[in-house]
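Q: How does one read a structure such as this one, feature by feature?

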Amino acid sequence: QRVKDLYCNRLKTKRELQGNKTPIQRVHGSTSPTHGQDVEFAGALALDYDAALAFEQVEIDRKKAQLGAVVVETMSFLGMAQHTDRFLKLLDRAQVHSVSQVEVLTKDSCEAMQLPFDLVS
């Protein structure tokens with residue numbers, strides 16, 4: 001049973017990491033990351049605002065997926081997998097959306113954001 005649980009947790013983490021790997025294809029219908037981003041306007045290149053926003057959203061979603069995978073793996077390792085969703089909601093409310101943001105959190109900042117420092121550190 002323990003081996004099965006470990007396998008399932010690893011599989012879940014792997015799927016979390018790979019889940020948002022190709023969202024550019026959903027936005028633009030193409031595998032090219034530059035597809036539809038630049039538009040010729042009056043002889044000069046102008047950035048297509050909607051495409052830039054879509055690209056930025058894709059990047060945010062990728063970082064959230066990466067953070068989610070790290071949290072799932074860590075909580076599973078700690079034997080607290082049942083609390084993963086609660087912790088992710090706390091991070092979302094605190095506007096923490098990437099691993100790099102978690103790395104710089106201190107005990108005081110966690111207290112101000114109402115995050116459990118024991119899980120963050």
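This is a predicted model: local features need pLDDT of at least 70, side-chain atom pairs count only at pLDDT 80 or more; totals for chains, interfaces and linings use all residues.

Q: Is serine 76 buried or exposed?
A: The general idea is a cut-off: a residue counts as buried when its relative accessible area is under 20%. Serine 76 has a relative accessible area of 19%, so serine 76 is buried. Serine 76 belongs to helix H3, which covers residues 49–77.

Q: What can be said of threonine 84 in the same terms?
A: Threonine 84 has 5% relative accessibility and therefore counts as buried. Threonine 84 lies in helix H4. A polar atom of the threonine 84 side chain is 2.9 Å from the backbone oxygen of alanine 81. Apart from neighbours within four places in sequence, the contacts of threonine 84 are Val71, Val72 and Met75.

Q: Which residues of helix H4 are buried?
A: In H4, residues 84–93, the buried ones are Thr84, Phe87 and Leu91. The way to read such a list is to look down the helix axis. The buried residues of H4 fall within an arc of 70° in that view, so they line one face of the helix.

Q: Which exposed residues does the face of H4 turned away from its buried side carry?
A: That face carries Asp85, Arg86, Lys89 and Arg93, which are exposed.

Q: What follows H4?
A: Glutamine 95 comes after H4, and its phi is positive, near 60°.

Q: How many residues does the largest nonpolar core have?
A: The general idea first: nonpolar side chains tend to be buried together in soluble globular proteins. In this model, the largest nonpolar core has 12 residues, including Leu67, Val71, Met75, Phe87, Leu91 and Ala94. Val96, Val102, Leu105, Cys110, Leu115 and Val120 are also among them.

Q: Which helix gives the most to this core?
A: H3 gives the most, with three residues. H3 and H4 each supply at least two residues of the core.

Q: With which residues is alanine 94 in contact, leaving aside its neighbours within four places in sequence?
A: Alanine 94 is in contact with Met113 and Leu115. Both alanine 94 and Leu115 are members of the largest nonpolar core.

Key: Residues are numbered from 1 along each chain as its sequence is written. Side-chain values use heavy atoms; hydrogens and water are left out. Helices (H or I, at least four residues) and strands (E, at least two) are DSSP runs, numbered from the N terminus. Buried means under 20% relative accessible area, exposed over 50%, partly exposed in between (1.4 Å probe, protein chains only). The arc is that of the directions from the helix axis to the C-beta atoms. A polar contact is a pair of N or O atoms within 3.5 Å; within protein, one must be able to donate a hydrogen and the other to accept it, and residues adjacent in sequence count only if both atoms are side-chain atoms. Contact means heavy atoms within 4.5 Å. A nonpolar core is a set of buried Ala, Val, Leu, Ile, Met, Phe, Trp, Tyr and Cys residues joined through side-chain atoms within 4.5 Å.
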